[in-house]
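Please read the sequence and the model side by side, moving from the overall fold to single helices and then to the open space between elements.

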Amino acid sequence: MDTHIPDWHLFRAFLAVVREGSLSGAARMLATTQPTMGRQVAALEASLGVKLFTRSIDGLSPTEAGLRLIPSAEAMAAAAETAWRSTSGKADEARGTVRITASEVIGGEVLPSLLTGFYSLYPQISVELVLSNRNEDLLRGDADIAVRMVRPSQAALVAKRIGNIDAGLYAHQHYLKKRPMPQCLYDLRQHAVSSP
């Protein structure tokens, strides 16, 4: 085994800082101290020879090198959890917290009934539903799952089509007396289109 590979606990600290956005938040998440988090991140940066975070008024943000490391670190975390479950007799118990982000419409109208069924199957999993009309950054750890209306542009993400949503455009008859009925999407450029 290569002794130059950093210990798992350093990658675990890195992921906690990514998810929480600060050393103090990561320390609370892992039930340790902020200086310990700082030392572990510094040790990982020294071992890898790259800077993993930049400071901003919003906290710590991953650098390009940090963003590239996230998928591998998350795979390590998943492997560690799988190993723990398989050796502790918990292999069949799904548990933990999953953060799902979705638009306000999807999160408020579509997901609640689906999540009710999910909860009845997996009562040990806590679901945090984050409603936002902006695309949260999964690579930064803002959420675990995103329900989006567009295909993600980040190659590290796995995308799966889960369904269709019918949409309709409506106009008052007085409006259509002044403007022609659109025959295709291109025709909408000549119309006043707004959303509720």
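Helices (H or I, at least four residues) and strands (E, at least two) are taken here as DSSP runs, numbered from the N terminus. On that basis the protein chain has six helices and five strands, which follow one another along the sequence in the pattern α-α-α-β-β-α-β-α-β-β-α. This is a predicted model, in which local features need pLDDT of at least 70 and side-chain atom pairs count only at pLDDT 80 or more, whereas totals for chains, interfaces and linings use all residues. Residues are numbered from 1 along each chain as its sequence is written, and side-chain values use heavy atoms, with hydrogens and water left out.

Burial is judged by relative accessible area, with buried meaning under 20%, exposed over 50% and partly exposed in between (1.4 Å probe, protein chains only). Of the 196 residues in the protein chain, 28% are buried. If a contact is defined by heavy atoms within 4.5 Å, then among contacts between residues at least 6 apart in sequence, 54% join residues at least 24 apart.

The loop between helix 2 (23-29) and helix 3 contains alanine 31, whose phi is near 55°, a positive value in a residue other than glycine. Most residues other than glycine have a negative phi. Alanine 31 counts as exposed because its relative accessibility is 72%.

Helix 3 has 15 residues and reaches 21 Å from its first C-alpha to its last, close to the 21 Å expected at 1.5 Å a residue, where the expected span is 1.5 Å times one less than the number of residues. Its buried residues are Thr36, Met37, Gln40, Val41, Leu44 and Glu45. Glutamate 45 belongs to this group because its relative accessibility is 19%. Leaving aside residues up to four places away in sequence, glutamate 45 touches Val50, Lys51, Leu52 and Phe53, and its C-alpha atom is separated by 9.4 Å from that of leucine 10, 35 residues apart along the chain. After helix 3 comes glycine 49, with a positive phi near 75°.

How far apart are the end C-alpha atoms of helix 5? They are 25 Å apart, which agrees with the 26 Å that its 18 residues should span at 1.5 Å a residue.

Serine 132 is buried, with a relative accessible area of 15%, and it touches Ala102, Ser103 and Glu104, not counting residues up to four places away in sequence.

A pocket is, on a 1 Å grid over the protein atoms alone, an open set of points where a 1.4 Å probe fits, with protein on both sides within 12 Å along at least five of seven lines, and its lining residues have an atom within 4 Å of a point. The largest pocket has a volume of about 2100 Å³, counted as the space filled by probe spheres set on the points, which are joined across faces, edges and corners. Of the 50 residues that line the largest pocket, Val98, Arg99, Asp144, Ile145 and Ala146 are the closest to its centre. Helix 4 gives the most to this lining, with nine residues.
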